[in-house]
Amino acid sequence: MDKEELIAQYLTKKLSQEAQKEFDHLMVTDPQFKKEVTFQEDLRTVIQKEENEIIKSQLQDFETEEHSNFSFKNWFVAASVAILLGLSGAWYFNNSIDTEKLYTENFKPYRNIVQPIVRGETKTDLKTKAFTAYETKNYTKALKLFDQILKVNTDETIAFYKANVLLELDKTNDAISIFEKNLKTPDSLDDKNNWYLALAYLKLNNIKKTKAILGKLKTTSTYRNKNVKQLLKKLD
Amino acid sequence: MTDSNLIKGLKNDNKHALKYVYTVNKTAFLNFAKKFPLAEEDIIDIYQDAIIALRENAIKGKIDNITSELKTYLFSIGKYMIYNRLKKQKKIHLVNYDSNLTNDEESFFFDFNTNELSTEQKQLQIAFKSLGQKCKAILTLFYYRGFDLEEIMKELNYTNKDVVKSQKSRCIKSLKTMIYKN
């Protein structure tokens, strides 16, 4: 096995007994190999820390959101629990397909491929600010900033990200109108627009629409092919 | 949502699942933690760290076959963290709390790394922060989420595995250039 593969398997704890022997041997006899292993372990630690910091700030955001409604807090918790129980009960009895669950499993806001964000750098242009908010999952802020950009310039890509934000903020119908508008003119984001449009309808429990869009997507694009097929299967 | 759906959601980096777990267990946790001599803001801080640890373990696949309820698991992480915090503040002497932990919990807790970064790691952290978004995404999927090249290809819509592989090598190379030139 090549050394790179050996380290990859070590990191994911997939080494076979034999490979483990080879690994141990190299750790003792090959200083370069040992150095590489240490480097990659360090990298993993660093990334872990980085990820956890992102989540921490997200949780702090939840806390701030909650505090802004402080006097309603208990009401809010009680009401959400009641609604959740009620809704899940209703789904359970009326509908063998749990669309909320399928939505949760499949929805993830589309990654930022527009504006690379370099942490620690302080660029102040609107686009960077908007995508920084987007990446740090500060969706309310991102929405405001995307709107500002769109006021000056009707950019379909920005609109697409805005729609992702709207889905995060549970403004599903608004998101749908954007995806549908984007799809009127063909461009390279069409498959993504369709995928998220399908998920938006799924969120609204509109299985018929979801299936129709996914069916089309399956035949016209390879985007998220595996997910598309799985989801279609589950909706049947 | 059932526990297994929540675990799946946490694994897929789903914000709704995260928020749900956070909100639904918070009040009970705060009530539970009241009996310890800690300020409320400390307790919330600990609760957040416990949620982070829970998510991390979900991603690592450590709780795929969990036998207890997710809530119970979350609380035992939280309890452990409370003890640790009190220990740091020298408010309790730890004599027998370990006996409350099962083997499973111990193996988990010792794995949860809260240590400070070493000098080398700090350098690497600075280098990582300055990488482009593409590199961060690939490396995070590979080193944190445990994706293989093929899974990364699908997740990030690359056309083939070799492109991912060479992109990943380039990212690693630029990290090394940054840290070794200093």
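Trainee: Among contacts in chain A between residues at least 6 apart in sequence, what share joins residues at least 24 apart?

Mentor: Two residues are in contact if their C-beta atoms, placed from the backbone, lie within 7 Å. In chain A, 40% of the contacts between residues at least 6 apart join residues at least 24 apart. For chain B, with the same cut-offs in sequence, the figure is 60%. Residues are numbered from 1 along each chain as its sequence is written, while chains are lettered from A and ligands numbered from 1 in the order in which they are written. This is a predicted model, in which local features need pLDDT of at least 70 and side-chain atom pairs count only at pLDDT 80 or more, whereas totals for chains, interfaces and linings use all residues.

Trainee: How many helices and strands does chain A have?

Mentor: Helices (H or I, at least four residues) and strands (E, at least two) are DSSP runs, numbered from the N terminus. Chain A has twelve helices and zero strands. Chain B has nine helices and, again, zero strands.

Trainee: What is the span of helix α2 of chain A, and what should it be?

Mentor: The expected span of a helix is 1.5 Å times one less than its number of residues. Helix α2 of chain A, residues 17–29, has 13 residues and should therefore span 18 Å; its end C-alpha atoms are 19 Å apart, which agrees.

Trainee: How many of the residues of α2(A) are buried?

Mentor: A residue is buried if 20 or more other C-beta atoms lie within 10 Å of its own, exposed if 12 or fewer, and partly exposed in between, with C-beta atoms placed from the backbone. Among the 13 residues of α2(A) the count of buried ones is zero, so this helix is hardly covered. Over chain A, 24% of the 236 residues count as buried. In chain B, 26% of the 182 residues do.

Trainee: Which residues have the most contacts inside the largest nonpolar core?

Mentor: In soluble globular proteins, nonpolar side chains tend to be buried together. A nonpolar core is a set of buried Ala, Val, Leu, Ile, Met, Phe, Trp, Tyr and Cys residues joined through C-beta atoms within 7 Å. The largest one here has 36 residues, and A:A142, A:A198 and A:A200 have the most contacts inside it. Helices of chain A that each supply at least two residues of this core include α5, α6 (126–135) and α7 (139–152). The largest share, eight residues, comes from α10(A). Leaving aside residues up to four places away in sequence, A:A200 touches A:L167, A:T172, A:A175, A:I176 and A:F179. A second, separate core has 25 residues, among them B:V21, B:F29, B:A50 and B:L70.

Trainee: How many residues of chain A are in contact with chain B?

Mentor: 34 residues of chain A are in contact with 39 residues of chain B. On the chain A side, α3 (31–68) and α5 (99–106) each supply at least two residues. α3(A) gives the most, with 17 residues. For the residue classes, Ala, Val, Leu, Ile, Met, Phe, Trp, Tyr, Cys and Pro count as nonpolar, Asp, Glu, Lys and Arg as charged, and the others, Gly among them, as polar. The side of chain A that touches chain B divides into eleven nonpolar, eight polar and 15 charged residues.

Trainee: Which element of chain A has the lowest mean pLDDT?

Mentor: pLDDT is the predictor's confidence in each residue, from 0 to 100. Helix α4 of chain A, residues 73–94, has the lowest mean among the elements of that chain (59), and α2(A) the highest (95). Over residues 91–95 of chain A the pLDDT is below 50, and beyond near neighbours in sequence this stretch has two contacts in the model. Chain A averages 84, and 86% of the residues score at least 70.

Trainee: Where is A:R224 found?

Mentor: A:R224 is in the loop between α11 and α12 of chain A. Its phi is near 50°, a positive value in a residue other than glycine. A:R224 counts as buried because 22 other C-beta atoms lie within 10 Å. B:D13 also has a positive phi, about 60°, although it is not a glycine. B:D13 is found in the loop between α1 (3–11) and α2 (15–33) of chain B. With 19 C-beta neighbours inside 10 Å, B:D13 counts as partly exposed.

Trainee: What distance separates the C-alpha atoms of B:S174 and B:A127?

Mentor: They are separated by 8.6 Å, although B:S174 and B:A127 are 47 residues apart along the chain. B:S174 is in helix α9 (residues 161–181) of chain B. Another pair is B:E120 and B:I179, 59 residues apart along the chain, with 8.5 Å between C-alpha atoms. B:E120 is in helix α6 (residues 119–129) of chain B.
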